[in-house]
Amino acid sequence: MQTLIALISGIIFGIGLTISGMTDPVRVKAFLDVFGHWDPTLAFVMAGAILPMILAWAIQRRLARPLYTTTFTLPQPKPIDARLIIGSGLFGIGWGLTGLCPGPAVANLTIAPLSILPFLIAMIMGMFLHTIWTRRH
């Protein structure tokens, strides 16, 4: 059941990314072009995500346990360290250069699979290299 819920959630998320235009790298790059032809669409999408999250956190606090598993798995705060700063920087550089991040890239598989393939291959290679690196250190 958890896998089915995750799949349905991912599909809904992908549909939302597509409808909002966040699968279009040009639109995302235009958001980052604050001194040129700035497109505020991404800001509206981010702001639009706040209300559902406020509701989700409010509902979660009232539940004794999740509906389809035994316990909540919530992220714990961690200190800002070099690993976080370097990872954030690499993510930002990649996002700025390509106009894509993992969610929209996967959603783009349904729209333009061949054009998105190089990005996805590079993303998977990066994840693989990160796994190898963290196991050694």
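The questions and answers below concern a predicted model.

User: Which residues make up the largest nonpolar core?
Analyst: In soluble globular proteins, nonpolar side chains tend to be buried together. In this model, another core of six residues, among them L100, I116, L120 and M123, lies apart from the largest one. The largest nonpolar core holds seven residues in all, and these are L17, M22, V28, F31, L42, W95 and C101.

User: At what angle do helix α2 and helix α4 pack?
Analyst: Two packed helices are described by the angle between their axes and the distance between the axes. On the side of α2 the contact is made by P25, V28, K29 and L32, while α4 brings W95, G96, L97 and T98. The residues of this contact divide into five nonpolar, two polar and one charged. With α2 spanning residues 25-32 and α4 spanning residues 82-98, their axes lie 8 Å apart and the angle is about 115 degrees.

User: Which element gives the most to the lining of the largest pocket?
Analyst: The largest pocket, with about 770 Å³ of space, is lined by 24 residues, of which G87, L90, F91, G126 and H130 lie nearest its centre. Two or more residues of this lining come from each of α4 and α6, the latter covering 113-136. The element that gives the most, with ten residues, is α4.

User: How many residues in the lining of the largest pocket are nonpolar?
Analyst: The lining of the largest pocket also includes eight polar and two charged residues. The number of nonpolar residues in this lining is 14.

Conventions. Residues numbered from 1 in each chain as written. Predicted model: local features only at pLDDT ≥ 70, side-chain atom pairs only at ≥ 80, totals over all residues. Heavy atoms only, no water. Core = buried A, V, L, I, M, F, W, Y, C linked by side-chain atoms within 4.5 Å. Buried < 20%, exposed > 50% of the residue type's maximum accessible area, 1.4 Å probe, protein only. Axes fitted to C-alpha atoms, helices over the stretch in contact; angles between N-to-C directions. Helix = DSSP H or I, 4+ residues; strand = E, 2+ residues; numbered from the N terminus. Contact = heavy atoms within 4.5 Å. Nonpolar A, V, L, I, M, F, W, Y, C, P; charged D, E, K, R; others polar. 1 Å grid on protein atoms, 1.4 Å probe; cavity = no way out; pocket = protein on both sides within 12 Å on 5 of 7 lines; lining within 4 Å. Points joined across faces, edges and corners; volume = space filled by probe spheres on them.
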